[in-house]
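The following account leads the reader through a protein structure, from individual residues to the overall fold. Please consult the sequence and the model side by side while reading.

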Amino acid sequence: MLESLYLKLRVTFLCLTALSAATQADVIQLKNGNRIVADSTREVNGKIEYTIGDNTYVIPKSSVLKIDVGGPAAVTSSRSQNSGGTQSAPAELPKVQQQIEPQGDLRARVIHDAQIDVAAIRAIESEGVPERSAAANFYAAFFEEKRNNFSEAARYLQAALIYSPNHVILLEHYVAMMLQLGRTGEALVYADRLGRATPQTAESLGLLGYVYYRNDRTNDAVNAWKKSLALHADEKIAALLQKVDRETKAEAEFRQQETLHFVLRYEGSQVPDNLRNEILAALEEHYKTLQNDLGSAPRNAISISLYTQEAFFDVTQVPAWTSALNDGKLRIPISGITSATPELVRVLRHELTHSFIQQITHGNVPQWLNEGLAQLEEPKSTAPLGVRLASLYAAGQQIPLNRLEGSFLSYGQAEASVAYAESLAAVEYIRTIYGMSDVARILVRLGQGESIEAALHNTIHGGYAQLENEITGYLKKNYGT
């Protein structure tokens, strides 16, 4: 299982009255722990209809815990992810501020009719007032953030920084966007500027520490996080510090070996030369396969740490049935292994797939798709469990896909095994019937901020209900009882 806390951007309003009109939204709290931030919601015939921008979606009322109407919009990038023995995702970002000085009717000029008025932004910029130009672009960026359209949000934030290059909140948001997009090197450039900006807040220092950590500047990360905690207590930053402390102790004597796409860290006495070379060769080979299958690849070198069994569980704090972890780094236990066994190669392929998925979707990916595709790339097949799965679906006793969007960590091992098998069946079906190109297109649409229902409708032309029925038919045809 891959215990992961995907990058989240959470809203902190320092001046609610200034931005309340700009940021009101309905927050749908789902029973599976996920949230949907919508522009509006309504109940129709026992279902919940919600709108995001120009799109309208429908979910069963039975899947909804509650709806917070008209609350401040929370920007989330993804769900926690975990995988059957293997899982991936970067750690959670410290929160960032969302407030910028109010500029009268500026927001209404920039955002209206559920879209950004680009001409209005250009007109505001032509007025020659830097503060107003920065604010106009910030409003556009925030609009795109709400829709998980991080590339566009980053573009508007970059424009805002031209007019106000040392604005702390703008810098925070831009750095967060660079991390969200996997551009950690660019994040570091702006993080250094953020580190020189004033005043330094607990939020900016927390974010700064995370950037340093993702760029392997561990000591700088620790110093920034300690300063952040001195200003304001934060459980997540405290947990990050504890994790880094465990990691630093475990890797104090580690050596390093690099290839074009990977940085391998290992304890010299535990990892023979042939094993390191075989691991890197397997990773490089599968890197090419994934690049061909998915049409994209991570921008930065991927870190892998090889641990003894004891060190692995001490560093990661994952359940005992976990076989590997991808939390932005691939963490692999290799006790007693002297060569790259078929099982180890499958684990490496699974974990590497998560890194590609994270790069493409920016963390906006349901667990079943993340884990199903990672298993498919190992490669695994539903064949060994086909008869049992066919029987499960035929009886209508499968776990619905909308319950498999979030973390599997709350499941017991038996239930988790079913969740992983169903995830594999779903992705295997999509690839078999529609092709890997449509699997890749679904990921791209998720990366553009679409919901999974919208991404399915726009690729394979059906949502969850149709997909569940088609999976049932697929399993019956191939393994029917």
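**From helix 5 to the helix pairs**

Ser151 is partly exposed, with a relative accessible area of 43%. This value, like the others below, comes from a predicted model. Ser151 belongs to helix 5, which covers residues 150–163. Although Ser151 and His362 are 211 residues apart along the chain, their C-alpha atoms are separated by 10.0 Å.

The loop between helix 4 (130–146) and helix 5 contains Asn148. Asn148 is not a glycine, yet its phi is positive, near 60°. Most residues other than glycine have a negative phi. Is Asn148 buried or exposed? Asn148 counts as buried because its relative accessible area is 12%, and the limit for burial is under 20%.

A second residue with a positive phi is Gln317, at about 60°, and Gln317 is not a glycine either. Gln317 is placed in the loop between helix 12 (309–316) and strand 12 (325–326). With a relative accessibility of 48%, Gln317 is partly exposed.

The bond from Glu378 to Pro379 is cis, and its omega is near 5°. Most peptide bonds are trans. Pro379 lies in the loop that runs between helix 14 (367–376) and helix 15.

Helix 15 (residues 386–394) leads on to a helix pair. Its axis and that of helix 19 (residues 464–479) come within 9 Å, crossing at roughly 135°. The two helices are therefore oblique to each other. Their crossing is left-handed. On the side of helix 15, the contact is made by Gly386, Val387, Leu389, Ala390, Tyr393 and Ala394. Helix 19 contributes Glu468, Ile471, Thr472, Leu475, Lys476 and Tyr479 to this contact.

Another pair is formed by helix 11 (residues 273–294) and helix 13 (residues 342–361), whose axes come within 9 Å and cross at roughly 45°. At this angle, helix 11 is oblique to helix 13. Here the crossing is right-handed. The residues of helix 11 that meet helix 13 are Leu275, Ile279, Ala282, Leu283, His286, Tyr287, Leu290, Gln291 and Leu294. Their counterparts in helix 13 are Leu344, Val345, Leu348, Arg349, Leu352, Thr353, Phe356 and Ile360.

The surroundings of Ile332 can be listed in detail. When neighbours within four places in sequence are left aside, Ile332 is in contact with Ile304, Ser305, Leu306, Tyr307, Phe312, Ala324, Leu344, Val347, Leu348 and Glu351. Two of these, Leu344 and Leu348, are also among the residues through which helix 13 meets helix 11.

Ala221 is a further buried residue, at 0% relative accessibility. Ala221 is found in helix 9 (residues 218–231). Not counting residues up to four places away in sequence, Ala221 touches Gly209, Tyr212 and Tyr213. Between the C-alpha atoms of Ala221 and Leu205, 16 residues apart along the chain, the separation is 9.1 Å.

A strand residue can be considered as well. Gln257 lies in strand 9, which covers residues 254–258. Its relative accessible area is 19%, so Gln257 counts as buried; the limit is under 20%. The side chain of Gln257 makes a polar contact of 2.7 Å with that of Arg276. Beyond its neighbours within four places in sequence, Gln257 is in contact with Phe262, Val263, Leu264, Tyr266, Arg276, Asn277 and Leu280.

These local views belong to a fold of 19 helices and 13 strands. How much of the protein do buried residues make up? They make up 56% of the 481 residues. Among contacts in the protein with a separation of 6 or more, 70% are between residues 24 or more positions apart.

Notes:
Residues numbered from 1 in each chain as written. Predicted model: local features only at pLDDT ≥ 70, side-chain atom pairs only at ≥ 80, totals over all residues. Heavy atoms only, no water. Helix = DSSP H or I, 4+ residues; strand = E, 2+ residues; numbered from the N terminus. Buried < 20%, exposed > 50% of the residue type's maximum accessible area, 1.4 Å probe, protein only. Polar contact = N/O pair within 3.5 Å; in protein donor to acceptor, adjacent residues only side chain to side chain. Contact = heavy atoms within 4.5 Å. Axes fitted to C-alpha atoms, helices over the stretch in contact; angles between N-to-C directions. Parallel < 35°, antiparallel > 145°, perpendicular 65-115°, else oblique. Left-handed = near helix turned anticlockwise from the far one by under 90°.
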